[in-house]
Amino acid sequence: MNELDRERMKKLLRQSLPPVKSDAGPERDLWPDVLRRMDARDATPTLSGWAWFDGALLAGLVALAVLFPASVPLFLYYL
Amino acid sequence: MQNGASDVLNQFRQGDVDAFEALFRRHQRAVHGWILRIVRNPAAAEELTVESFWRIHRARDRFDPSRGFEGWARRIATRAALDWLRTKRTANELSMEECGEVAAPVKADPAVTAEIRRKTALAFGRLPPKLRIAATLAVVEELPHREVAEALEISVAAVKLRVFRALRLLRKDLEEQGITP
């Protein structure tokens with residue numbers, strides 16, 4: 001693709017996707033949403049970003065693998 | 001004034017919610033506008049602005065006040081927008097109606113029909129998000145390559161390469177549809 005082709009493609013792209021209006025701001029105050037988001041995350045107990053349920057599931061799988069090693073191939077098959 | 005701004009940044013870094021709100025009020029319009037330029041969808045831009053500020057709050061320990069807030073916030077917002085483009089790629093959210101709501105008026109070339117413009121927009125939506133975001137900012141929004149590079153955390157040469165690849169893929173897609181740009 002030469003320089004002329006590139007310029008033609010750029011022009012076509014600008015015609016097809018006009019630039020966004022630079023003054024387009026949010027239509028509402030987003031701060032309450034940010035606060036809600038922060039509160040929701042704070043309320044979820046996590047372990048290195050994992051939900052408690054993820055940790056419990058992993059612990060269960062490890063226990064299953066230790067107690068019943070024969071279940072590992074079966075588990076891997078269904079992964 | 002300078003000290004006041006510096007105090008706010010330091011307080012934000014220490015987890016002060018009032019300082020975070022002050023930064024949010026000062027920068028939300030710029031962050032929202034930046035995201036809107038990338039995703040071109042007003043509802044998604046609002047959602048991603050909230051997501052970006054939540055990520056900003058979460059990453060406050062890694063913020064370096066000496067490097068300024070705006071560029072750092074913009075990089076986080078760009079990553080959030082890129083994640084969104086990745087998830088929406090197959091759904092192809094880049095509809096012309098959405099673009100029309102936020103797009104600035106441009107003088108249409110009479111040689112380019114509405115159908116060609118529609119197909120070009122759809123083909124652009126099929127590009128890999130990394131290429132699409134570079135082309136959107138550098139070609140559509142006509143932002144300086146250096147600014148795009150800083151936001152994408154890549155070199156200026158990498159921006160140029162991504163734009164080149166985006167245009168080449170777009171041209172190939174259009175040719176396959178029988179459109180010769």
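## Around Ala81(B)

Leaving out residues up to four places away in sequence, Ala81(B) touches Ile35(B), Ile38(B), Val39(B) and Leu48(B); two residues are in contact if their C-beta atoms, placed from the backbone, lie within 7 Å. This is a predicted model, where local features need pLDDT of at least 70, side-chain atom pairs count only at pLDDT 80 or more, and totals for chains, interfaces and linings use all residues. Residues are numbered from 1 along each chain as its sequence is written, with chains lettered from A and ligands numbered from 1 in the order written.

## The core

Ala81(B) is also among the residues with the most contacts inside the largest nonpolar core, which has 52 residues. Such a core is a set of buried Ala, Val, Leu, Ile, Met, Phe, Trp, Tyr and Cys residues joined through C-beta atoms within 7 Å, and buried means that 20 or more other C-beta atoms lie within 10 Å of a residue's own. Helix H2 (residues 17-39) of chain B gives the largest share, nine residues; helices are DSSP runs of H or I with at least four residues, strands are E runs of at least two, and both are numbered from the N terminus. Domain 1 (1-92) and domain 2 (104-181) of chain B both contribute, so the core lies between them; the bounds come from an automatic or database domain assignment.

Chain A has four helices and two strands, running α-α-β-β-α-α from the N terminus. Buried residues are 9% of its 79 residues.

Here 26 residues of chain A are in contact with 37 of chain B. H1(A) supplies the largest share of chain A's side, 10 residues.

How values were computed
A residue is buried if 20 or more other C-beta atoms lie within 10 Å of its own, exposed if 12 or fewer, and partly exposed in between; C-beta atoms are placed from the backbone.
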